[in-house]
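Morning, everyone. Please have a look at the structure on the screen, and then I'll walk you through it.

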Amino acid sequence: MTVPVYRLPIGVECSSNNGKVYISGTKGLVVFNSISNLYRKGDMVIFLPYLTSYYSSIFTQAVQGVIFGYTIELSLKGIGYRVREEKGKLIFSLGYSKPIILDIPEDISVTFSKQKFSLMSPNFGVLQNFATSIRRFRFPDSYKGSGIIYDGEIIICKEGKKT
């Protein structure tokens with residue numbers, strides 16, 4: 001059986017301590033839990049006991065995230081839908097009687113344009129969870145297509161009532 005060996009790119013640091021693996025690079029730091037111990041020689045990394053396929057994919061996502069970063073763009077489609085940032089919180093106006101206020105996680109940075117906003121982070125799991133929690137407040141309507149949609153997502157609208 002061959003030993004899975006991971007090669008770290010230039011500028012990426014990796015260490016483990018107390019069941020956590022720390023990966024840092026130009027875009028930030030990613031931390032995940034692992035029962036495996038990390039052994040390093042130069043730019044080669046070996047985990048013993050071997051990483052399962054799940055943890056192996058988390059490790060490769062973390063390495064890519066600290067080098068390139070991940071971005072998810074969301075669009076607000078609907079009349080009167082707005083988003084703004086105040087003091088580390090996102091404030092959404094989505095047609096409800098009160099605005100929706102969400103805390104922005106530490107790993108995520110947000111940029112705004114008119115009806116779109118981008119979420120950027122080196123940690124893909126945290127980014128996906130946050131984007132899904134935002135989208136949960138106004139899922140795209142199946143008749144009008146209005147709501148919070150991913151950039152490039154195609155919403156197939158149902159036909160209205162025939163009279």
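Let's start with a pair of side chains. Arg 40 and Glu 13 form a salt bridge, and their closest N and O atoms are 3.4 Å apart. Arg 40 sits in strand S5 and Glu 13 in strand S2, which covers residues 13–17, so this pair ties together parts that lie 27 residues apart in sequence. How exposed is each partner? Arg 40 is partly exposed, because its relative accessible area is 36%. Glu 13 is partly exposed as well, at 46% relative accessibility.

One caution before I go on. This is a predicted model.

Back to the charges. In general, side chains of opposite charge can pair when their charged atoms come close. The structure holds six salt bridges. I'll show two others.

Take Asp 151 and Lys 116. Their side chains meet in a salt bridge, 3.1 Å from N to O. Asp 151 is in the segment after S13, and Lys 116 is in strand S12, residues 116–121. The pair is 35 residues apart, so to speak a link between distant parts of the chain. Asp 151 has a relative accessible area of 40%, so it counts as partly exposed. Lys 116 has 36% and is also partly exposed.

Now Glu 153 and Arg 135. This salt bridge spans 2.8 Å, N to O. Glu 153 is in the segment after S13, while Arg 135 belongs to helix H2. The two are 18 residues apart, and again distant parts of the chain are linked. Is Arg 135 buried or exposed? Arg 135 is buried, because its relative accessible area is 9%.

Let's step back to the whole chain. There are two helices and 13 strands. The radius of gyration is 20 Å, well over the 15 Å that the globule rule gives for 163 residues, so the chain is more spread out than a compact globule. Along the principal axes, the C-alpha atoms fill a box of roughly 70 × 40 × 25 Å. Buried residues make up 34% of the 163. Consider contacts between residues at least 6 apart in sequence: 48% of them join residues at least 24 apart. The chain exposes about 10600 Å², and carbon and sulfur atoms supply 55% of that area.

Next, the surface. Which residues make up the nonpolar patch of about 420 Å²? They are Val 3, Val 5, Tyr 39, Leu 48 and Tyr 50. Look at Tyr 39. Tyr 39 is in strand S5, residues 37–41. At 45% relative accessibility, Tyr 39 is partly exposed.

Leu 48 comes up again in the backbone. A cis peptide bond joins Leu 48 to Pro 49, with omega about -10°. Pro 49 is in the loop between strand S6, residues 44–48, and helix H1, residues 53–67.

Asn 18 is a residue other than glycine, yet its phi is positive, near 50°. Where is Asn 18 found? Asn 18 lies in the loop between S2 and strand S3, residues 20–24. Asn 18 is exposed, because its relative accessibility is 74%. Lys 87 is not a glycine either, and its phi is positive, about 55°. Lys 87 is in the loop between strand S8, residues 82–86, and strand S9, residues 89–93. At 86% relative accessibility, Lys 87 counts as exposed.

Cysteines next. How many disulfides are there? The count comes to zero. Cys 14 is buried, at 6% relative accessibility. Cys 157 is partly exposed, at 38%.

Last one: Ser 146. Ser 146 is in the loop between helix H2, residues 124–135, and strand S13, residues 147–150. Why does Ser 146 count as buried? Because its relative accessibility is 14%, and the cut-off for buried is under 20%. What does Ser 146 touch, leaving aside neighbours within four places in sequence? Its contacts are Lys 77, Gly 78, Tyr 81, Phe 139, Pro 140 and Asp 141.

That's the tour. Over to you for discussion.

Definitions and conventions: Residues are numbered from 1 along each chain as its sequence is written. This is a predicted model: local features need pLDDT of at least 70, side-chain atom pairs count only at pLDDT 80 or more; totals for chains, interfaces and linings use all residues. Side-chain values use heavy atoms; hydrogens and water are left out. Patches are made of residues with over 30% relative accessible area and no salt bridge: like charges are joined within 9 Å, nonpolar side chains (Val, Leu, Ile, Met, Phe, Trp, Tyr) within 5 Å. Accessible areas come from the Shrake-Rupley method with a 1.4 Å probe; for residues, only the protein chains shown count as cover. A salt bridge is a side-chain nitrogen of Lys or Arg within 4 Å of a carboxyl oxygen of Asp or Glu. Helices (H or I, at least four residues) and strands (E, at least two) are DSSP runs, numbered from the N terminus. Buried means under 20% relative accessible area, exposed over 50%, partly exposed in between (1.4 Å probe, protein chains only). Contact means heavy atoms within 4.5 Å. The radius of gyration is taken over C-alpha atoms; the globule rule is 2.2 Å times the number of residues to the power 0.38. A disulfide is a pair of cysteine sulfur atoms within 2.5 Å.
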